[in-house]
Amino acid sequence: MKSFVVLSTLIALTCAAPQFQQYPQQQYQNQQIPIISQTQDINPDGSYQYSYETGNGIAAQEQGYLKNAGVKDAEAQVAQGSFAYTSPEGIPISVSYIADENGFRAEGAHLPTPPPIPEAIARALQYIQSQPQQPQQAFLG
């Protein structure tokens, strides 16, 4: 019984011990990071732009405006920009994006992309698109 208690205690202590860290600690941990540059402009028409760069290599910029201002059901806020930083693994990350009435779209070499559409499916979609629209009949049943 005593050995079971001792073994259980050792297992509990082992599980509670600090775990191995996969990535090295960041160089700037617990330090103030200087802002190297920063700009921001907000205009009376609602358009804006900002940018900044920090001492640890983070940079971001964005511009935006209201598209079709005053047109009901056609107004859309448009924003486009980019940001860049270095990942904990030391890989440079850079993302460009746009957000508008069509949604948010981002591009970056590290972002996953969908596989290409198989040729047979692409042909089937082209065939469907080439067919004339048939009026749909209501099903009464």
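## Exercises on a predicted model

Leaving aside residues up to four places away in sequence, aspartate 100 touches Gln77, Val78 and Arg105, where contact means heavy atoms within 4.5 Å. The model is predicted, and local features need pLDDT of at least 70, side-chain atom pairs count only at pLDDT 80 or more, while totals for chains, interfaces and linings use all residues. Residues are numbered from 1 along each chain as its sequence is written, and side-chain values use heavy atoms, with hydrogens and water left out.

**Exercise 1.** Find the strand that holds aspartate 100, decide whether the residue is buried or exposed, and list polar contacts of its side chain.

*Solution.* Begin with the position: aspartate 100 belongs to strand β5, residues 92–100, where strands (E, at least two residues) are DSSP runs numbered from the N terminus. Next, take the relative accessible area of 17%, which means that aspartate 100 is buried (buried is under 20%, exposed over 50%, partly exposed in between, with a 1.4 Å probe and protein chains only). Finally, look at the polar atoms: the side chains of aspartate 100 and arginine 105 are joined by a polar contact of 3.0 Å, and a polar atom of the aspartate 100 side chain lies 2.9 Å from the backbone nitrogen of asparagine 102. A polar contact is a pair of N or O atoms within 3.5 Å; within protein, one must be able to donate a hydrogen and the other to accept it, and residues adjacent in sequence count only if both atoms are side-chain atoms.

**Exercise 2.** How are the rings of phenylalanine 83 and tyrosine 85 arranged?

*Solution.* Start with accessibility: phenylalanine 83 is partly exposed at 34%, and tyrosine 85 is partly exposed at 33%. Then compare the rings of phenylalanine 83 and tyrosine 85: their centres are 6.4 Å apart and their planes stand at 10°, so the pair is stacked. Rings of Phe, Tyr and Trp (its six-membered ring) pair if their centres lie within 6.5 Å, and planes under 30 degrees apart count as stacked, over 60 as edge-to-face and the rest as tilted.

Terms used. Helices (H or I, at least four residues) and strands (E, at least two) are DSSP runs, numbered from the N terminus.
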